[in-house]
Amino acid sequence: MSKDTVVRSEEKERRLELQTAIPSQPRGNPSSYVGAPAVGTSRAVSGAGISSVGPPNTLLNKRRRRFAWSCIAAFLAAWLIAFFRFFLPRVLFEPATEFKIGYPADYALGIDEKWLQRYRIWVDRTPDRLFVIFARCTHLGCTPDWKPAENKFKCPCHGSGYDSEGINFEGPAPRPMDRAHIEMAPDGQIVVDVGRLYSWPKGQRDQFNDLGSYLSA
C-alpha cells in the first residue's frame, strides 16, 4: 500500500470520529432552543411547570375584580368629599326664637300645653294677665311635667316643684322658671320670643312685672 493511500485513510477516520463526537443541529425552526431554555424567558417558565398567563377570565373573577375596583373608587370618593368639606364653612341651623301662637281669646284660664313639644313653652292665663313660661327647670335644665291634679309643675329628674305660675317651692331648683317675651302683633295675634327671657334670680329683683313679660287680660 502506498504512503498517500495510508494518509487518506487516516484523514477519513478522523472525519468520522469528529462527526460522531459533535451532535447534529436540528433542522426546521431556526428559533428553536437547544438544551435548557434561558432563565427568565417564557419558555423557561413553561418548562418549570408554571403558567405564563393570569387567572382564567371567568365570571367569578370578573365580579371579584369589579367589586375590588368599586371599593377602591368608593374609598377615594369619600376622601375627596371629606377633603372639600374641610374647606366649607360650618353653619349651625337653629329654630326661630320668635313665633306666633294665636289670639288671646284662644286661651282659657290655666295652663295650655299645646306648644310644649314644638316650642317648649306653656301659655299661662290668670284672671288679670297672660304670660308664657319657658319649660326649663332652673336646676339642671330638664323639662318639668305639668300635674293638673296637683296644680303644679314637677321636674322628673331631681324633684323640683313649681306652682302654677312657675314659682319654685320644693326641691333643688334655685329660682322660678323663666318667662318669654310676649307682645301683640298688628294682626291681633300673640308673638312670643324665647330669645328674650325674664327671670327672677335668687335675692334679686323680680323681672316678671317688666314690660314685655306679660299681656294684660
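The side chains of Asp187 and Lys100 meet in a salt bridge, with 2.9 Å from N to O; a salt bridge is a side-chain nitrogen of Lys or Arg within 4 Å of a carboxyl oxygen of Asp or Glu. Because Asp187 lies in the loop between strand E9 (179-184) and strand E10 (190-198), and Lys100 in strand E1 (residues 98-100), the pair ties together parts that are 87 residues apart in sequence. Strands (E, at least two residues) and helices (H or I, at least four) are DSSP runs, numbered from the N terminus. The model is predicted: local features need pLDDT of at least 70, side-chain atom pairs count only at pLDDT 80 or more, and totals for chains, interfaces and linings use all residues. Residues are numbered from 1 along each chain as its sequence is written, and side-chain values use heavy atoms, with hydrogens and water left out.

Asp187 is partly exposed at 37% relative accessibility, and Lys100 is partly exposed at 41%. Here buried means under 20% relative accessible area, exposed over 50%, and partly exposed in between (1.4 Å probe, protein chains only).

The structure holds eight salt bridges. Another of them joins Glu170 and Lys154, at 2.9 Å from N to O. Glu170 lies in strand E8 and Lys154 in strand E6 (residues 152-154), so this pair ties together parts that are 16 residues apart in sequence. Both residues also belong to a network of salt bridges that links Glu150, Lys152, Lys154 and Glu170. In a further salt bridge, the closest N and O atoms of Arg175 and Asp178 are 2.6 Å apart. Asp178 counts as buried, at 6% relative accessibility, whereas Arg175 is partly exposed, at 23%.

Attention now turns to the sheet. Four strands form an open sheet in the order E5-E6-E7-E8, with antiparallel pairing; two strands pair if DSSP finds at least two bridges between them. Strand E5 (145-147) and strand E8 (168-170) stand at the edges, each with a single partner strand, so one side of each is left without a neighbour in the sheet. Strand E7 (residues 161-162) is joined to E8 by two bridges, and Tyr162 stands opposite Asn168 in E8.

Helix H3 (residues 59-85) contains Arg63 and also Trp69. Arg63 counts as exposed because its relative accessibility is 52%. Trp69 is likewise exposed, with a relative accessible area of 61%.
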